Amino acid sequence: MDSGAPDLSTFPELPGRGALVTEGDELHASDLGNLVDRRPAAILRPRTTADIAVAAAWCCRNGVPLRAHGTLHTTGGQALCPSSGIQVDMRSLDLIHAVTDEHADVEAGVLLHDVVWHAWLRGRRLTSGPTGYLQLSTGGVLSVGGISSLHSEGAIIDRVRAVEVVTPPGAVRWCTPERNRGLFDAVLGGLGCAGIITRARLALTPVPPLARVYDLHFPSLQDAVRATRVLVGRGEVDDLLIRWFAPHRHRYQLRCTAYHRADRPPDDAHLLRGLDVTAQVRDVTYWEFATSTDNRYEPFVAAGWDRVHKVWADYFMPDSALDEFLTATAPEITELDLSETSIGLLIPHRRSSFTRPGLRLPDDELVWLFDMLSDAAGQTDPFWLPDRLRRNQRWHRRAAELGGTLYPIGTDLDPASHALVLARPGQMSFAQEDQCLR
């Protein structure tokens, strides 16, 4: 429980001249889900890592919760601070220190969009691949994991070379797989529970200038899954995902992508051999491919999409149990789950590509991220929200019984109270009332 507003009269001067905001409507109260309402006692807008370190030390001495957030792109209040605590708005740490052929060295508030752009200018991409939506802070992505549609590269946290971290007592540590390894493992995918990531070096790799995108449509999710398994097994394409959306919620699109140069285009017939379906084929630049989701959602965000309720269900499923999970779950997806701005996703990945312990995955070599990203845009049904929350509870139980694990960006709330019903066990470092989903 919150212990009341802290006495901020002794809060120290910030060495980097950051700002501590204690009044006004700008105090953050919710994340992208717009379901959890929690206003902190103050917001810290740091200008340097030292500002965060000083604040962390003061909070540690005074028993005040401290939580960091980036663009708040979770839907269950994961990054929100209790009203007795201080929320660190990491977006003010937005300096790109360097982009080389080997890595991008950026502060935690830098958007993935900007990382991908500067890498692209050098003919490079994130080794892990980027998330589908790029308007996310680097620190926020590294705190949850970061999943791309590159099926053989693991998560973004698996391709991090180093991170700068502020620990709960206010120490600043550089961490790598060789140096401060325990803290390195704890903060990547750690939801801010072991420290605040303030800077990171992300591995880069060369990328051909073009992406050939193949869209294949199937009448059932199971048919799309079978075709995807074939393509994963061959390992001849780069990106793979299945998606479905309104108004054709019973048509499932398998999108596979092969990167290439203009003088060495892919052999379409060879890549798609044995798949009894017609493909829509087009070439785009890698940059156009990487930003396609941003471009789709830009007008929706401008129209107020950020302010509508969202209930997201996100689970990693083992391949051995996927068919059983989908047989029970797919018929339960109705028009109420899919608006013009919501989408369903299935993304395959090789388990052996994941190396960081902070992201819990099933044991099968082939694992799938199931995402049902529902929102209330255009909904008039008064029971939409409680019904979607009950749906998530039902699906979560089903996924867990079949060996699935939770990817902690979604919504797991009690339909009656809108209170989070899951919390990570163990001691929380930066917030006594931590809402980490596991």
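## Salt bridges

The salt-bridge count comes to 23, a salt bridge being a side-chain nitrogen of Lys or Arg within 4 Å of a carboxyl oxygen of Asp or Glu. This is a predicted model, where local features need pLDDT of at least 70, side-chain atom pairs count only at pLDDT 80 or more, and totals for chains, interfaces and linings use all residues. Residues are numbered from 1 along each chain as its sequence is written, and side-chain values use heavy atoms, with hydrogens and water left out.

D89 pairs with R91, the closest N and O atoms being 2.9 Å apart. D89 is buried at 4% relative accessible area, while R91 is partly exposed at 37%. Here buried means under 20% relative accessible area, exposed over 50%, and partly exposed in between (1.4 Å probe, protein chains only).

## Bridges between loops and a helix

E236 and R273 form a salt bridge with an N to O distance of 2.9 Å. E236 sits in the loop between α5 (221-234) and β12 (239-244), and R273 in the loop between α6 (268-271) and β14 (279-285), so the bridge ties together parts 37 residues apart in sequence. Helices (H or I, at least four residues) and strands (E, at least two) are DSSP runs, numbered from the N terminus. E236 is partly exposed at 31%. R273 is partly exposed at 30%.

R394 meets E332 in a salt bridge at 3.3 Å, N to O. R394 lies in helix α10 and E332 in the loop between α9 (319-329) and β16 (343-350), so parts 62 residues apart in sequence are tied together. R394 is partly exposed at 32%, and E332 is partly exposed at 26%. Elsewhere, salt bridges that share partners join R45, D89 and R91 into one network.

## Aromatic pairs

The model has 16 aromatic pairs. Rings of Phe, Tyr and Trp (its six-membered ring) pair if their centres lie within 6.5 Å; planes under 30 degrees apart count as stacked, over 60 as edge-to-face and the rest as tilted. The ring centres of W120 and Y286 are 6.1 Å apart with planes at 40°, so this pair is tilted. W120 belongs to helix α2 (residues 112-121) and Y286 to helix α7 (residues 286-290), so the pair links parts 166 residues apart in sequence. Both W120 and Y286 are buried.

F370 and W395 pair edge-to-face, at 5.8 Å centre to centre and 80° between the planes. F370 is in strand β17 (residues 366-375) and W395 in helix α10 (residues 384-401), so the pair ties together parts 25 residues apart in sequence. F370 is buried at 1%. W395 is buried at 0%. One aromatic cluster is formed by W244, Y252, Y315, F325, F370 and W395.

## Domains 2 and 3

The domain assignment gives domain 1 (19-92), domain 2 (96-207) and domain 3 (210-412); such bounds come from an automatic or database assignment. The C-alpha centres of domain 2 and domain 3 lie 23 Å apart. Their contact (heavy atoms within 4.5 Å) takes 32 residues from domain 2 and 33 residues from domain 3.

Domain 2 and domain 3 bury about 2,800 Å² between them, 62% of it on carbon and sulfur atoms. Buried area is the accessible area (1.4 Å probe) that two parts lose on being put together, summed over both. In domain 2, I147, S149 and H151 lose the most area to domain 3, together 27% of what that side buries. One salt bridge is found across this interface.
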